[in-house]
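Hi everyone, thanks for coming along. Please bring the picture up on your screens, and then we can walk through it together.

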Protein chains: 2
Amino acid sequence: MRKLKEPATREPRSAATERRLLEAAGQVFAEKGFRAATIREISQRAGANIAAVNYHFGDKEKLYAATFRHAREACVAQFPLRDEGLNAGSTRDRLGRFVLGLFLRMLDIGRPAWQWQMMAREMIEPTAVLDEMVDEVIRPDFGELQKLVEEITGLAPADERVRRCACSVVGQAMFYRHSQPVVRRLNPSQGFERADLEELADHVTSFSHAALTAMAREGSAKRAGDRAPM
Amino acid sequence: MRKLKEPATREPRSAATERRLLEAAGQVFAEKGFRAATIREISQRAGANIAAVNYHFGDKEKLYAATFRHAREACVAQFPLRDEGLNAGSTRDRLGRFVLGLFLRMLDIGRPAWQWQMMAREMIEPTAVLDEMVDEVIRPDFGELQKLVEEITGLAPADERVRRCACSVVGQAMFYRHSQPVVRRLNPSQGFERADLEELADHVTSFSHAALTAMAREGSAKRAGDRAPM
DNA sequence: GACTATTTCAAACAACCGTTTTAAACTAAT
DNA sequence: ATTAGTTTAAAACGGTTGTTTGAAATAGTC
């Protein structure tokens with residue numbers, strides 16, 4: 001049935017078409033969505049035969065899962081949010097780097113543009129690949145942000161306000177991705193080049209930092225008082 | 001060809017099926033998306049014939065546009081964000097009412113649940129109905145929020161920070177709608193009942209109000225200085 | 001009550017989808 | 001060169017889609 005020997009030297013033929021297939025599938029899935037995307041168009045863009053998808057990936061769903069995983073790994077590798085070097089500096093600097101990383105992941109023009117479009121589609125019709133992404137990327141990154149919020153506010157880890165503040169930070173950045181068509185219509189002069197993203201990240205950072213430090217003041221007043229952390 | 005007289009007394013037969021068709025179409029479009037939704041299922045749920053859609057609305061796209069418009073008008077009528085009575089109280093109270101209104105529009109269980117799912121789809125593949133909604137609903141509501149931000153911060157209307165702050169407020173609330181699958185996975189205990197929405201709105205309000213008042217202090221320091229409002 | 005316009009119904013149409021099939025082309029080791 | 005194994009190619013198969021058709025049923029008017 002299958003080949004038993006695995007030379008593992010290099011994969012010259014089939015691996016190349018698989019890569020072209022993944023690349024084309026990412027673009028088409030992002031543009032059209034899973035249902036509207038056709039294997040015929042994907043194969044055509046990849047310069048492969050119609051049967052190539054079923055031969056290399058089994059069926060359309062498995063191609064979709066493989067494409068999503070491929071995109072996620074490329075994106076995370078390009079813009080890491082948790083790294084040893086990211087723990088240096090003041091809490092304000094660390095927050096700024098986290099927010100800028102979010103913006104670059106989501107909106108940096110160039111290679112991974114269509115990946116977040118697939119992510120947006122998963123928000124509407126979640127499949128198994130979303131669970132995978134939450135477990136392996138989003139939850140750890142979100143935990144890192146929560147720790148940062150705890151440091152700035154002095155709130156206890158179990159305090160629900162920590163999670164809500166982290167949601168507030170992420171939500172501000174996410175808005176420019178998931179509501180981009182509205183943003184572009186409300187403010188056509190808003191650009192999304194690298195410099196624009198740095199400006200937006202700066203705003204979100206100072207906005208959030210101001211809110212967090214204010215919560216630190218009021219939180220410390222309450223912490224000694226009636227509400228006991230769980 | 002067509003009827004020339006228009007009695008306009010009442011439309012007993014065809015209007016009823018049109019309404020049932022719109023209702024069913026909203027649910028199916030939200031669940032499956034435009035492409036995956038089938039006229040057969042819509043007609044079946046509405047208790048109408050397969051040809052009814054093409055007879056009453058022309059084709060599938062026109063049914064989609066009509067459905068979106070129908071949903072938008074119902075939602076805006078139920079939760080107005082700009083009203084004479086909403087201008088009373090402190091700026092903090094007005095901000096709180098605006099944010100709570102946003103949450104109720106987006107997440108209040110019951111009737112208009114699927115409408116925002118259609119909105120989310122428009123964010124991915126914008127059509128002409130999005131332009132219509134931006135012009136008639138979003139831009140006026142957003143302008144109201146901008147005026148509120150100007151009052152709290154004391155910034156000039158032309159200052160870009162006003163728009164960015166308004167985006168920060170809206171983005172926090174929008175996060176719980178457009179990233180709801182992620183929120184539910186990150187925090188399964190997060191509820192979306194009326195009481196939960198009020199809690200979330202309270203958090204977003206105080207978070208934003210703190211950031212805005214902080215910006216008011218630093219803004220007034222700068223306003224006397226180098227940067228002149230345009 | 002007959003006549004006309006409007007609405008509903010069942011059936012069929014052409015087009016497109018994902019998938020399968022079968023054979024040809026290619027690679028690489030004997 | 002031959003042979004086995006892997007990859008590509010073209011064509012066809014069911015199945016589903018939006019839309020159209022033409023007749024039956026219903027409403028309103030003289």
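Let's start with the cysteines. How far is the sulfur of A:Cys165 from the closest cysteine sulfur? That closest sulfur belongs to A:Cys167, and the distance is 9.4 Å, which is too far for a bond. A disulfide here is a pair of cysteine sulfur atoms within 2.5 Å. B:Cys165 is in no disulfide either, with the sulfur of B:Cys167, its nearest, 9.4 Å away. Over all chains, the structure holds zero disulfides. And is A:Cys165 buried or exposed? A:Cys165 has 0% relative accessibility, so it counts as buried. B:Cys165, also listed at 0% relative accessibility, counts as buried too. For that word, buried means under 20% relative accessible area, exposed means over 50%, and partly exposed is in between, using a 1.4 Å probe and protein chains only.

A quick word on what you are looking at. This is a predicted model, where local features need pLDDT of at least 70, side-chain atom pairs count only at pLDDT 80 or more, and totals for chains, interfaces and linings use all residues. Residues are numbered from 1 along each chain as its sequence is written, chains are lettered from A and ligands numbered from 1 in the order in which they are written, and side-chain values use heavy atoms, leaving out hydrogens and water.

Now step back to chain A as a whole. Its secondary structure comes to 10 helices and zero strands. These elements are DSSP runs numbered from the N terminus: helices are H or I with at least four residues, and strands are E with at least two. Of the 230 residues in chain A, 49% are buried. Chain A exposes about 11,900 Å², and carbon and sulfur atoms supply 50% of that area. Accessible areas come from the Shrake-Rupley method with a 1.4 Å probe, and for residues only the protein chains shown count as cover. As for contacts, meaning heavy atoms within 4.5 Å, take those in chain A with a separation of 6 or more: 70% of them involve residues 24 or more positions apart.

On to the aromatic rings. How many aromatic pairs does a search of the whole structure find? Over all chains, there are 11. In A:Phe103 and A:Tyr176, the ring centres are 5.8 Å apart and the planes are at 50 degrees, so this pair is tilted. The rule is that rings of Phe, Tyr and Trp (its six-membered ring) pair if their centres lie within 6.5 Å; planes under 30 degrees apart are stacked, over 60 edge-to-face, and the rest tilted. This pair links distant parts of the chain: A:Phe103 is in helix 5 (residues 91-107) of chain A and A:Tyr176 is in helix 8 (residues 160-178) of chain A, 73 residues apart. A:Phe103 is buried, at 0% relative accessibility, and A:Tyr176 is buried at 3%. Over in chain B, B:Phe103 and B:Tyr176 form a tilted pair, with 5.8 Å centre to centre and 50 degrees between the planes.

There is a cluster to find as well: A:Phe29, A:Phe34, A:Tyr64 and A:Phe68 form one aromatic cluster. Over the face of A:Phe34 lies A:Lys60, 4.8 Å from the ring centre. A charge sits over a ring if NZ of Lys or CZ of Arg is within 6 Å of the ring centre and within 35 degrees of the ring normal. In chain B, the charged end of B:Lys60 sits 4.7 Å from the centre of the B:Phe34 ring.

Next, have a look at A:Ala71 in helix 4 (residues 60-78) of chain A. A:Ala71 is buried, at 3% relative accessibility. Not counting residues up to four places away in sequence, A:Ala71 touches A:Trp114 and A:Gln115. The C-alpha atoms of A:Ala71 and A:Gly26 are separated by 7.7 Å, although these residues are 45 apart along the chain.

Last, the two chains together. Chain B is superposed on chain A by a rotation of 180 degrees with 0.0 Å of shift along the axis, at an RMSD of 0.2 Å. That is the relation of a two-fold axis. The C-alpha nearest the axis in chain B is that of B:Ala211, 2.3 Å from it. The superposition uses least squares on the C-alpha atoms of residues with pLDDT of at least 70 in both copies.
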